[in-house]
Amino acid sequence: MNSTIKALALCLLATPVIADPLALKVTAVAETEGTSGDADDPAIWVNPADPAKSLILGADKEAGLFAYDLTGKQVAFLPDGRLNNVDLRPFTLGGRAVTLVGSSRRDDGAMVFHVIEPDGTIRQATPFAHPAASAEVPGTTHIYGFAMAQDAGGTYALVNFKSGHVLQYRITENDGQLALTLVRHWKVATQPEGMFADDAGGHIYVGEEDAGIWRYPLSPDAAPEPFVVDAIPSACLPRDDVEGLALHDDGRARWLVASAQGVDRAALYRLRGEDKPDCVAMVEVAEGVFDRVTETDGLDATATPLGPAFPQGLLVMMDDQNAGFTTGFKLMNWADIAAGLPK
Amino acid sequence: MRHLTLALSLLAAPAFAADATVTPGNTLTAPPAEWLGEVPHLVVMGTINGRAFDLQMTDMASAAGVAEFAGKREYLPGEGGTWRYGDFEVALKATIDGVEKALEFEFENHDFTAHSLPASFALQDKEFPEGLLSNLEAQLEWETAEATVNDEIAGWTGTLTLTTDSGTRDEKGLVPDGMIGGFVTATRGGDTLVMSFTVPVAEYELDD
């Protein structure tokens, strides 16, 4: 047993007994067109002018980046390499408000960036590719997970490696040109992947696939002291892997959504400031109009109402088994999930 | 206790899954006793994690429901910038009895090129073992309206007889094509498995 897993296990033993999670069952209301590649991680771009015309971005680690509308129809494909994880943040580029989309690319160990214009068109940023490894951090091997973060100090790219390293870069721009500067790094004991930043809460969450979920302060000025959110096995993560992580925050309740791949479910943890997040519910996406969600990898969520189909926002989960031996993403109406959650 | 219930249902998963994998028109009445030859084929008879298999695709060209049947070699870093052939996979995607099923059988050795064929490898647990040893992991994936199967089953004992492994080496010594053929008899707990295969290879992977 390595030291991190042992530490997680000890923390788990020391955790007070809490209520068992609710078992929620919902069905998908839409699914994206399948890909014969290998879908991995989604990100939701909310169209500020017309939220019903928002987009699902889907990283395919054999092909590139797909964009789908909220019915699941593919509206764009950017064959930009073996993209593993994808995330986005609003950004000012050349004096214009756009959305910056970052991905981890396995072909060359790079972070690559796209720009979404306010009308939803997607293009490559310049420079497009940035090395993920740094000479300041020896031993990084095999780029893997990726996320973005934002605080008063700026916008950040977070990238992790199968070696366990997590690197935090500050993203700046000058006359439309992106530049990245390493501001902090740390390491977990075993292979991480899923990450997300709770910008408002000031936290970064990192999933260590076989071990559990860690929380760190977001600020690069803070020491990366880990806080155990959950350790495998637990009620919400009965077995590995933990995969994608996301946030659903409607202003009343804040939920950490974690992909519990080993049991084909999304685990919901209630976030309350610096408290240890409570595991409240396990969401199963069952067979309905669309097939069930299995072996889910990445996921994303938003609380922004996205038109009548998603009045309380949206949960998107990768689905490993689809008709025609394809993979893709399922879209769930958050209102269906919220109906089963404690008020 | 909901947690306990979930744990028990996980343990019991094979019992309620759509388990059996039986191809139509099977002609073999007993598992084969030897490799079935160079014609691309896959025969899997026995049980894997308690799930019954009577899969008889004795001539892949005429087998029904096949979406993909492909082999893949995997190379690991060797000494002096070379690559060693440490792994191969036999993968089938096919619709069987109306269910889309993905099966994958993966074998490892420190370097398969170190052995003259035919060669028999004793199956055991160690990864990338040296000498005439190998291991086997069987991966099963399918879903129905009622259940999902997602098994990765290792820990087999028995024998892999590798009969053919052909193809054209490139300048790095890597082989992206050709055929891999072999015969397996294996047991694992209550499982017994007999398997014959000859699979065309379409790609390789470098595990760097």
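Biologist: In what order do the 5 strands of the open sheet with mixed pairing in chain A stand?

Modeller: This is a predicted model, in which local features need pLDDT of at least 70 and side-chain atom pairs count only at pLDDT 80 or more, while totals for chains, interfaces and linings use all residues. Residues are numbered from 1 along each chain as its sequence is written, with chains lettered from A and ligands numbered from 1 in the order in which they are written. Strands are DSSP runs of E of at least two residues, and helices are runs of H or I of at least four, both numbered from the N terminus; two strands pair if DSSP finds at least two bridges between them. On these terms the open sheet of chain A, with its mixed pairing, has the order β1-β22-β21-β20-β19.

Biologist: Which strands are the edge strands of that sheet, and which residue stands opposite A:Val26?

Modeller: β1 (22-27) and β19 (242-249) of chain A each pair on one side only, and are thus named as the edge strands. β1(A) runs parallel to β22 (residues 278-286) of chain A, with 6 bridges in the pairing. Within β22(A), the residue opposite A:Val26 is A:Val285.

Biologist: How many residues lie between β8(B) and β9(B) in their hairpin?

Modeller: In chain B, strand β8 (residues 133-143) and strand β9 (residues 148-153) run antiparallel and are joined by 6 bridges. One bridge pairs B:Gln139 with B:Glu152 in β9(B). The hairpin that β8(B) and β9(B) form has between its strands 4 residues.

Biologist: What radius of gyration does chain A have, and why does it agree with a compact globule?

Modeller: The secondary structure of chain A comes to 2 helices and 25 strands, and its C-alpha trace spans about 55 × 45 × 40 Å along the principal axes. The radius of gyration is taken over C-alpha atoms, and the globule rule is 2.2 Å times the number of residues to the power 0.38. Because a compact globule of 343 residues would have a radius near 20 Å, there is agreement with the value for chain A, 18 Å.
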